[in-house]
Number of protein chains: 2
Amino acid sequence: MTEPSPLPHPERDAIELTAVLFALSDEARLALVRQLSNGPLDMVDCLALGVNTPKSSRSHQVKVLREAGVIISELRGRRRQLTLRRSDLDSRFPGLLEAVLGA
Amino acid sequence: MTEPSPLPHPERDAIELTAVLFALSDEARLALVRQLSNGPLDMVDCLALGVNTPKSSRSHQVKVLREAGVIISELRGRRRQLTLRRSDLDSRFPGLLEAVLGA
DNA sequence: GTCATAGTTCGATGATAGTCGAACCAATTG
DNA sequence: CAATTGGTTCGACTATCATCGAACTATGAC
């Protein structure tokens, strides 16, 4: 069983459109979301955030996506697994994710 | 014939996804776009930007949408008519506008 | 237990974005 | 023509966001 992450995630119904759009309006974060569209990834394996980018910066970008409700960030051992909240986003904003990823 | 506006608009192919998402990530701008989805509107008639909002602030918000390629801003007499660039956006990011407006 | 790994949090700093008054400009009205 | 209307642009200020080092925490490896 995966223990729930201590970091807060918004409930599905609390996800706000403007927050999602803002989170996706950054090249690096958008690249990360594209990577995650192929399945979950450990944070350390996400090269979308830049290879030489310091940990604190990477952590910040992930935080923005998490707080907007775009991804889930779960502790798995000492790593953190990132998962795109595809079904939550699809149910709340149908077609949005597909349109963004398809572009 | 409507004279072309002196203000610059990006070509359809130059419209960038992140710029569009950023432009739509603001409540007031999003509200304006929703209004424009019902057809063109003169800027002075757009109450989505707020009734007491000063001219310079309104102008700024419209500028962000225009520079992102979301709307066209044409001089019509001494008014400025705003039009949603629906077909340009649809052809470049299929389904995006529909998803955003439907949410 | 000790050490390395993976990541968060904090605080400072720099960059970017929003707000608004004031001056300006062009087109319409009278 | 002059006055009004509708809007842009500029500059100053404020607020928000991004970057990054440093300190700290927790897990897994040895």
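The legends below describe close-up views of a predicted model. Local features require pLDDT of at least 70 and side-chain atom pairs pLDDT 80 or more, whereas totals for chains, interfaces and linings use all residues; side-chain values use heavy atoms, with hydrogens and water left out. Residues are numbered from 1 along each chain as its sequence is written, and chains are lettered from A in the order in which they are written.

View 1. Chain B is superposed on chain A by a rotation of 180 degrees with 0.0 Å of shift along its axis, at an RMSD of 0.0 Å (least squares on the C-alpha atoms of residues with pLDDT of at least 70 in both copies). This is the relation of a two-fold axis. The copies meet through the same surface, because 100% of the interface residues of chain B are also interface residues in chain A (contact: heavy atoms within 4.5 Å).

**View 2. The open sheet of chain B.** In chain B, 3 strands form an antiparallel open sheet in the order S1-S3-S2 (strands are DSSP E runs of at least two residues, helices H or I runs of at least four, both numbered from the N terminus; two strands pair if DSSP finds at least two bridges between them). The edge strands, each pairing on one side only, are S1 (41-42) and S2 (71-76) of chain B. Helix H2 (residues 27-36) of chain B packs on this sheet and touches S1, S2 and S3 of chain B. The direction of H2 makes about 85 degrees with that of S3(B) (axes are lines fitted to C-alpha atoms, for helices over the stretch in contact; angles run from 0 to 180 degrees between N-to-C directions).

**View 3. Pairing of S1 with S3 in chain B.** S1(B) and S3 (residues 79-84) of chain B pair in the antiparallel sense over 2 bridges. Leu41(B) stands opposite Leu82(B) in S3(B).

**View 4. Surface near DNA strand C.** DNA strand C is surrounded by 18 residues, the closest being Met43(A), Lys55(A), Ser59(A), Arg29(B) and Ser56(B) (near: a heavy atom within 4 Å). H3(B) gives the most to this surface, with 4 residues. Of the atoms of DNA strand C within 4 Å of the protein, 60% belong to sugar or phosphate and the rest to bases.

**View 5. Polar contacts to DNA strand C.** Polar contacts here are pairs of N or O atoms within 3.5 Å. A polar side-chain atom of Ser59(A) lies 2.3 Å from a phosphate oxygen of DNA strand C. For Ser56(B), a side-chain N or O atom is 3.2 Å from a base oxygen of DNA strand C.

Note on methods. Polar contact = N/O pair within 3.5 Å; in protein donor to acceptor, adjacent residues only side chain to side chain.
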